[in-house]
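Reader: I would like to learn how to read a model like this one. Please take me through it feature by feature.

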Amino acid sequence: MNDDAIINDPLSLSPDTTLQSAVEAYAQAEALFNSIGDGAIATDEFGHITKINHVALDLLGYKESDALGRWFPRVIVAFEEGGEKLDMIDRGFTQAFLTGKPVTQKVWYRRKDDTLMPVSSTISPLVLSGRPIGAIAIFRDISREYEIDRMKSDFISLASHQLRTPLSAIKTYSHMLLDGFMGPISPTQKKSLKTIVSASNRMNELISTLLNVSRIESGNVIVSPKNVNLNHLADEIVRELHLAIKTKHINLHVHAPKKPVIIQADNLITKEILINLLSNAVKYSPDGGDVTITVQPRKSTVIISVSDTGLGIPKASQPQIFTKFYRASNVVRRETTGTGLGLYLVKGLIDALGGKIWFESIENHGSTFYVRLPRTYTAKKTNTTNGLTSLDKHNSSSRKL
Ligand code: ADP
């Protein structure tokens, strides 16, 4: 028998040696637990805290006696971004026990002094022979990242506002020159002025997107629910994008019930969502491609889909498609214009309306994006804070596809 076999098979050891190994393993685990640089909390299978390291105690402001033996969710109270207490079912702790898998969340933990601290926490269930025997929560204070993120959003918002004023001067004077208010212009000058106007329209659109992204990120978008007639809205977005549709010889089909489909939502937000999806469908379609908008009313929801026969999204890119600034490799290669912000914004807006978005796509065959919106809007609690603004309006007809 070689040395490896002796170490790998504890049953081959004498009882004394087995006990010694178990004690050593325990001491090692204990040392490891206490030396973790992040907060660490262990629980038994009922969720009672069995161990808590110094970092966790420091971060939460607790003494060991405040936590040991107590039920984890009672000691570690978690809140959502907007200050709403997280429902028990949504807590990483519950999800980890229910699914048997580690769950990572960004939430706010309440300290002993009642202040809130943003944390990134991962809760892993401990499973032995298929049976949960406890859980380990590891969490990190992300106040600094949070603050940097907030400063970034504030900066984007401020910079975008400041860019608007000089841009509108450029647009106004270019239009005046184009329209001959300052004397006759030659065809070459006219061509250059048209390029300036179209570039400043594009810049205006980018500023709107950046402003809306920063509003979404800071939870500052107000939803003004009204009755939105989806049949009219579909016609409106098609009208607004008619130039691009015509230029690319797209065969556009709209399938909507004859009877108007009316939902309670914010008109501007719903329009922004659909314009983004339709302009993507057109942009990523070949000349002469087919694009179909379908409106399907369900009992308490409506499903709107925008489908194309275009480039499609490579399988490897699909998980990242709603990530900020992400553009799939197949479109980057073709150098079509784009920022990778549209779908990120669309997802945030759909969340604000209480809806869902998903898609199906096959590279080189096409994509279908589905949006499910509730027929009746229910306000999210985070939408009731002060300082909210409505969405910045794109000048959609100027979209360069
Ligand atoms: P972009 O400004 O690049 O269009 P979006 O956020 O709107 O940004 O979309 C992100 C990426 O998703 C795009 O760059 C593209 O790779 C992919 N995508 C979105 N819609 C489609 C579509 N209809 N067909 C193919 N790819 C798409």
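Predicted model: local features only at pLDDT ≥ 70, side-chain atom pairs only at ≥ 80, totals over all residues.

Reader: Where is His249 placed, and what is its phi?

Author: The general idea comes before the case. Most residues other than glycine have a negative phi. His249 is not a glycine, yet it has a positive phi of about 50 degrees. His249 is placed in the loop between α10 (242-247) and β8 (251-255).

Reader: Which loop holds Phe325, and is Phe325 buried or exposed?

Author: Phe325 is found in the loop between β11 (301-308) and α12 (329-334). Phe325 counts as exposed because it has 11 C-beta neighbours inside 10 Å. Its phi is positive, about 65 degrees, although Phe325 is not a glycine.

Reader: Why does Ser361 count as buried?

Author: The count of C-beta atoms decides again, and the cut-off for buried is 20 or more within 10 Å. Ser361 is buried because 22 other C-beta atoms lie within 10 Å. Ser361 has its place in strand β12 (residues 356-362). Leaving aside neighbours within four places in sequence, Ser361 is in contact with Gly312, Ile313, Gln318 and Ser367.

Reader: How many bridges join β10 to β11, and what is the bridge partner of Thr294?

Author: Strand β10 (residues 290-297) is joined to β11 by 7 bridges, and the two run antiparallel. Thr294 has Ser305 in β11 as its bridge partner.

Reader: Which residues of β9 are on the covered face, and which on the uncovered one?

Author: In a regular strand the side chains alternate between the two faces of the sheet. In strand β9 (residues 262-265), Ile263 and Ala265 make up the covered face, while Ile262 and Gln264 make up the uncovered one. Strand β7 (residues 226-229) is joined to β9 by 4 bridges, and these strands run antiparallel. Ile263 in β9 is the bridge partner of Val228.

Reader: What surrounds the ligand?

Author: The shell has 22 residues, and the closest are Tyr284, Arg327, Ala328, Gly338 and Gly342. The elements giving two or more residues to this shell are α11 (267-283) and α13 (342-352). Sorted by class, the shell has 11 nonpolar, 9 polar and 2 charged residues.

Reader: What is the radius of gyration of the protein?

Author: Compare the value with that of a compact globule. The protein has 28 Å, whereas a compact globule of 401 residues would have a radius of gyration near 21 Å. The C-alpha trace spans about 100 × 50 × 45 Å along its principal axes. Buried residues make up 27% of the 401 residues. The secondary structure comes to 13 helices and 13 strands.

Note on methods: Residues numbered from 1 in each chain as written. Near = placed C-beta within 6 Å. Nonpolar A, V, L, I, M, F, W, Y, C, P; charged D, E, K, R; others polar. Rg over C-alpha atoms; globule rule 2.2 N^0.38 Å. Buried ≥ 20, exposed ≤ 12 C-beta atoms within 10 Å, placed from the backbone. Pairing = 2+ DSSP bridges. Contact = placed C-beta atoms within 7 Å.
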